[in-house]
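Open the structure in your viewer and keep the sequence panel beside it. This tour tells you what to select next and what is there.

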Amino acid sequence: MPCLPGGLPFPETAAAARLLVPELAARVETADRIGAVRVIGGADASSTRFDPTRTVHAAIVALGWPALSRLGEAGATTRGGLPYVPGLLGFREVPALAAAWARLDPRPDLLLVDGHGMAHPKGFGIACLLGLVLDVPSIGVAKSVLVGEVEGALPDAPGALAPLVWKGRRIGVALRTRRGANPVYVSIGHRVSEATALDWVERCLRGRRLPEPVRAAHDAAGALRLSGLTALG
DNA sequence: GCGACAG
DNA sequence: ATCTTGTCGC
């Protein structure tokens, strides 16, 4: 039950969410406005497929930079929110993520979010919404495309890049993080430029396909779902 | 109208 | 997102 910037109530229906997107998207900052990054975070959520109760288990991990050592972790569970609707993922997961954030210590200076940022039909993916709600610099890291297409070739070599374009606009970038693996799609979340976003994603890879903060958050969210089913949430 | 569709 | 062990390749 977080609050949207401007004191707006969090939408409880997909229709309400859609109406809010334009004004929220207008608040997204695409230029760098980040302080010193001493703690970098990863955010992700886990849920059970076909769950009529719409339970969402979210986790945010706090890792120290540059060691990427685990400094903190927090989880939270919500029920009865929005179902998954392509384009509105943030409205489903952010309430749980915001609750996790409230319990987290230390608080990350930068957040890597599992899912798109501006590489979204309305330029407002989950990384944008979370960054806006928490007022924290954020980056979108997705494992597949929502809209747009990768322009040109993407060599099968670590570090290879190719723009993700949609309707003639560059909305993000495909990054080959590992040889032989599908690329990840990086886009602006909030208060972080695309170039800076790419830098941080690459610096957090540690030789794997997904940046460590996202990997850690994914694991934490999954563990919370498995154990949280019988314990407190 | 049909197909696509983050997680 | 999740169901799931072993297996192929670098």
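Select Asp114. This residue lies in strand E4 (residues 110–114). Helices (H or I, at least four residues) and strands (E, at least two) are DSSP runs, numbered from the N terminus. Asp114 counts as buried because 25 C-beta neighbours lie inside 10 Å. Buried means 20 or more other C-beta atoms within 10 Å of a residue's own; 12 or fewer is exposed, in between is partly exposed, and C-beta atoms are placed from the backbone.

The model is predicted: local features need pLDDT of at least 70, side-chain atom pairs count only at pLDDT 80 or more, and totals for chains, interfaces and linings use all residues. Residues are numbered from 1 along each chain as its sequence is written, while chains are lettered from A and ligands numbered from 1 in the order in which they are written.

Now show what surrounds Asp114. Leaving out residues up to four places away in sequence, Asp114 touches Ala43, Asp44, Val141, Val214, Ala217 and His218. Contact means that two C-beta atoms, placed from the backbone, lie within 7 Å.

What does UniProt place at Asp44 and Asp114? The unreviewed entry gives the feature "binding site" at both positions. UniProt positions follow the numbering used here, feature names are shortened, and annotations may be inferred rather than shown by experiment. The two positions are spread over 71 residues of sequence, yet they cluster in space, with a largest C-alpha distance of 5.4 Å.

Asp44 is in strand E1. Asp44 is buried too, with 28 other C-beta atoms within 10 Å. Beyond four places in sequence, the contacts of Asp44 include Ala59, Val214 and Ala221.

Stay on the strands. E1 covers residues 39–46 and pairs with E2 in the antiparallel sense over 8 bridges. Strands pair if DSSP finds at least two bridges between them. Select Ser46 and find His57 of E2 opposite.

Move on to strand E3 (residues 69–78). E2 and E3 pair in the antiparallel sense over 9 bridges. Gly64 stands opposite Ser69 in E3. The hairpin of E2 and E3 has 4 residues between the strands, and there Leu68 takes a positive phi near 60°.

Next, display DNA strand B. Which residues come nearest? Of the 18 residues around DNA strand B, they are Tyr84, Pro86, Leu89, Gly125 and Lys143. A residue is near if its C-beta atom, placed from the backbone, lies within 6 Å. E1 and helix H2 (89–103) are the elements that give two or more residues to this surface.

Stop at Phe91, in helix H2. Phe91 is buried, with 25 other C-beta atoms within 10 Å. Phe91 touches Pro11, Ala17 and Leu82, not counting residues up to four places away in sequence. Phe10 is 81 residues away along the chain, but its C-alpha atom and that of Phe91 are separated by 8.1 Å.

Finally, zoom out to chain A. Chain A has 5 helices and 9 strands. Along the sequence the pattern runs α-β-β-β-α-β-α-β-β-β-β-β-α-α. The C-alpha trace spans about 45 × 40 × 35 Å along its principal axes. Of the 233 residues, 47% are buried.
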